[in-house]
Amino acid sequence: MGCISWISYRLLSAVSIIDWHRRLGHAPLPILKRALPDVPLREFSCESCIYDKQHRSSFPPACTRSSTPLSLVHSDVWSPYRVPSIFGFRYFVTFIDDYSRTTWLYLLHDRIELTSVFRAFLLEMRTQFATPLRVIRTDNAREYTGRTSNLCTEFVVIHQTSCAYTPQQNGVAERKNRHLLDVARSLMFQMHVLIEYWNFAVSTVRHLINRLPSSVLNFVPPIQLLYPSTNLTSLTPRIFGCVCYVHLLGSPSDKLAPRAAKYMFVGYSRTQKGYVCYSPSDGKLVVSADVTFCEDQPFHLPSTTSSSAPSIPRPAVPVTPSLSSSSSSPHVPPQVPPPLTRVYSRRPSKDAPVTQLPATSDTSATADPAPSLQLIPWPTTPLSIV
Ligand SMILES: [Zn+2]
């Protein structure tokens, strides 16, 4: 348990340890050793980690852990962040299963959406698991009162809150949000990703930390503890924010037209076995399994971010609404990573049909393991991810 083996040893050995470190959300060496047992590892230094991860801990780790899934779930709302994401999100809320430490993350435009998100989460837990969610623990912020708290009565869930000015009583959720932000900063810094794409960064981090060995769980990945039959090897991780080329499959109307389009790699689909790619020039968001990655090429050049892109605030502890009004940290000029020569291809193109969905289509309805290119209408309702 805990061994991910995302890819064969032959391919593993072709990728440097620092590149795996960057693909896997800047995971520390002990975690990489567990995740990549076949790769000879050595000490390395990473500038992004030095700049963007904080090492001070205000919330001591919990000494106990639940013995069954969903007996206790922790939750916390982050921000409002002063820079809305490209789709207008300013908040995110996390739900963390105390037993497996699996994290669900929902992006929010406004605090008022928490009630509908909370209902969706409770319904999903009721549908997906045989055991009911028994206790949810939050801080005593106002967004968890009123209609949101009433949902606990409706779903027969005990709502525990921390005492006033005692955020450490909600330490699991606070630490999880801090971890998400620490790694998101590193992902964005390493590839000069613009700050308005923070929604992609935190969603990507949530995907990775659910699948990486956790020291809290004796180096078992959280999602493997919750879903023992989950295939963790289904999608090879890639470096967030790099240039990628999405192959346009099917028969083009113009036989001399390009057969691929340039995108920025921004994450992993929850419902499809594919990579999420974004084109800032035309606002297209696609999921595709047929992608060629240029992991040595940041989509945004360093000069693009230097003038207007503050970083996600650091330090981020405690994670409270006060972050929204805090001034940005001094911007550290990013450096171009050492050039690599590899270009990774996902797989050879096949004659799969091209599917371009209309803007109102629901892309979450399918979990086809080999989907073709799909345009994603970004949901106007909050996005749930696990
Ligand atoms: Zn790093």
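What share of the contacts in the protein chain between residues at least 6 apart in sequence join residues at least 24 apart? The answer is 66%, and the views below start from there.

**View 1. The whole chain of this predicted model.** The protein chain holds 10 helices and 13 strands. Of its 386 residues, 42% count as buried. For contacts between residues at least 6 apart in sequence, 66% link residues at least 24 apart.

**View 2. Helix 7, residues 171-190.** Helix 7 is largely enclosed by the rest of the structure, because 19 of its 20 residues are buried. As a reminder for reading helix views, an α-helix has 3.6 residues a turn, so residues three or four places apart point the same way.

**View 3. After helix 7: His-192.** Have a look at the backbone here. His-192 follows helix 7 and has a positive phi, near 60°.

**View 4. Ala-201 in helix 8.** Helix 8 covers residues 198-211, and Ala-201 sits in it. Ala-201 counts as buried because 28 other C-beta atoms lie within 10 Å, where 20 or more are needed.

**View 5. The neighbours of Ala-201.** Leaving out residues up to four places away in sequence, Ala-201 touches Ala-184, Leu-187, Met-188, Val-193 and Phe-240. For a handy distance to check, pick Arg-185: its C-alpha atom and that of Ala-201 are separated by 8.0 Å, with the two residues 16 apart along the chain.

Notes. Residues are numbered from 1 along each chain as its sequence is written. This is a predicted model: local features need pLDDT of at least 70, side-chain atom pairs count only at pLDDT 80 or more; totals for chains, interfaces and linings use all residues. Helices (H or I, at least four residues) and strands (E, at least two) are DSSP runs, numbered from the N terminus. A residue is buried if 20 or more other C-beta atoms lie within 10 Å of its own, exposed if 12 or fewer, and partly exposed in between; C-beta atoms are placed from the backbone. Two residues are in contact if their C-beta atoms, placed from the backbone, lie within 7 Å. The expected span of a helix is 1.5 Å times one less than its number of residues.
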